[in-house]
Amino acid sequence: MKRFVCSLLCLALVKLCAAQTTLPEPGEFTDAEKSITECPFDKEADAVVIFDEARVDNDRNEQIYTRRTRLKILKQKGNRYGDVVIRYYSKDDMEYISEIEAYSYNPKTVPDVKKVPQSAIFRQKINEWWSVVKIAMPDVQPGTIIEYKYFITAKRYHLNDWNFQREIPVMHSHFSLAVMPNYEFTYRIFKSDQLPIVIKKEKSEGRIYFEMNNIAGLRDEPFMDAEKDYLQHIEFQLSGYAGMFGGTTRYMTTWDEVTREIMQRSDFGVQLNKNIPVGPEWLDKVKAIPTAYERMAAVYNFVYKNINWNGIGGLVAGDGVKETWEKKQGSSGDVNLLLINLLKEAGLEAYPLLVSERGNGKVNPEFPFVGQFNKTMACVLINDKKYVLDAAGPYTPPFMTPFTVINTKAFLVNKKKGGIITLTETEKKDRNYVNIQARIDDNGAMTGKAFIESKEYARLTRIRAWQRDKDRFRENYYTSYEAGLKVDSLQMHNIDNDSLSLEQQFNFSIPAIASGDYKLINLNLFTSIVKNPFISDIRFTNIDFGCLQSHTVLEDIELPASLKIETLPKNLRMIMPDTSISFMRYMEVKDNVLRVKYEINFTRPVFTADEYEYIKEFYKKMAGIMNEQIVLRKP
């Protein structure tokens, strides 16, 4: 028997249709498609998906996935969509892509329709788990239509999410699914109330069909949280299967069942009871540490320094914690399950924590879908306080929650103490303190010294940026504030000391900016605001700054006797209606020294799309005030 269990998150009326959409044959491009010059429902789009379809069938114990996509390039910036990359799980030939076909239409070439040769289609192994197929589409330019289709044969029965929406608009998208006999799947539909969906169930074939049309693109927006939270899409999860002799075994239909199932898995729960051969000397030394926090920190730092993350994500242990210890590297699941093992060995109360990092999307506690999570971290309980540790990502001191999971929900995997928990951070912030001592010469040029303290999340962000690219670091944090600004003698202190702020000291110079007899002085130096990032008229996603913010800038600028300030800007304070963001500017001149102070403070880090106009207007005014120049002239 084939069953479907439907859970809808949308309130819009579900429309059933009697017939599926008929699409043109592969490589046959219609006159209507050739005449498209812009997307009628998303006129700013660089490209448009004409149709995107997929079908899932079953052949014995294999799953057959058929995918076909056609899109058109509308603008020069859209040429990048001609680079086709198809990702698949290749370990142990679990998935295999075959019968790849690709076509290209270009009105400026003869013949105008070309079948892409197999020599332009090649495979590339990314790592031992994943591979990609790349298709080199010929002569892609505005007006080009590309199409590709392929089959994926899978030895495992697994349903990936289906996204109706992309960053470019989609005219037509449908997904047709035949569930394997004796299996039940739960699905959830995420969609806007304004966009209708077609759902057709064919009980005789055990098939269900989903369709959406005319969906505008979801493009990147400043400080947006997970794109997935706003994409029109469907999520699937196995919820049960029927046995050979009758009866149905329920599978992860409650959070308790999620705990039971994954703790029985050989690549998850079983991995928590392995005897890791770290040696008695190290273990005895750790156990002798008197305080639980210091023991936890010692184990975390040991794993972080000695076990390398190979860049592969996921919840489970792909290789197993013992092999990970031997190889000294593994996936995020391998590394963090190994971490939990050693934390428990050290006498600490540690549990797996399934997390959905901010970029992966929000967790809905009402639906026990393990697919909502993308990573396993460690959770340690000490004196009723929860510490979240991730040894497979950017280093985060154990007293801080990893930045990627602040303001998210996670699932603590334990029968008695487990369940959905909220990860918040109200004490640690993105804190910066800037102190500038400078002087202006008779020509209006500025020279000076800057001292910057970056604390907590600001410290982590800047250390990672510094280690990644030192030249880009200088540009992003210092020289981008003024044309011609130069920095020299940069010194970085306390990089390796978590308990201290990251100190940055350097000399700087800014050439004179003149307008007739007037000299213009920019006071917005090394702050957190170069310009207003919120310039779009429409906002679709929430504004998520990640954590609370606190920035202070003090400037003492010695003025030359030959120049006087034309008009000193007024002191002022701005505050959001709910006091969530405040900004203050203070200026005074004393003994020919201009003293400037800026303060920016946040009392909450996340704002809804409905609050966008308030945020946009606040940042517009704040950036304008901070970029207001001082005018000097000869008396």
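## Basis of the model

Because the model is predicted, local features need pLDDT of at least 70 and side-chain atom pairs count only at pLDDT 80 or more, while totals for chains, interfaces and linings use all residues. Residues are numbered from 1 along each chain as its sequence is written, and side-chain values use heavy atoms, with hydrogens and water left out.

## The chain as a whole

The chain holds nine helices and 37 strands, where helices (H or I, at least four residues) and strands (E, at least two) are DSSP runs numbered from the N terminus. Its C-alpha trace spans about 95 × 75 × 50 Å along the principal axes. Of its 635 residues, 53% are buried, a word that here means under 20% relative accessible area, with exposed meaning over 50% and partly exposed lying in between (1.4 Å probe, protein chains only).

Among contacts with a separation of 6 or more, 72% are made by residues 24 or more positions apart; a contact means heavy atoms within 4.5 Å.

Helix 7 (residues 456-468) has 13 residues and reaches 19 Å from its first C-alpha to its last, close to the 18 Å expected, the expected span being 1.5 Å times one less than the number of residues. Its buried residues include Tyr 457, Leu 460, Ile 463 and Trp 466, and their cover includes strand 24 (430-440), strand 25 (446-455) and helix 8 (470-477).

Helix 9 (residues 612-626) has 15 residues, which should span 21 Å, and its end C-alpha atoms are 21 Å apart, in agreement with that expectation. Buried residues in helix 9 include Tyr 612, Ile 615, Phe 618, Tyr 619 and Met 622. The buried residues of this helix pack against several strands, among them strand 34 (581-590) and strand 35 (593-602). As a general point, an α-helix has 3.6 residues a turn, so residues three or four places apart point the same way.

## A buried glutamate

Glu 235 lies in strand 15 (residues 233-242), and it counts as buried because its relative accessible area is 5%. Its side chain is joined to that of Arg 188 by a polar contact of 2.5 Å, and to that of His 233 by a polar contact of 3.4 Å. A polar contact is a pair of N or O atoms within 3.5 Å; within protein, one must be able to donate a hydrogen and the other to accept it, and residues adjacent in sequence count only if both atoms are side-chain atoms.

Leaving aside neighbours within four places in sequence, Glu 235 is in contact with residues including Asp 161, Tyr 187, Lys 228 and Phe 369.
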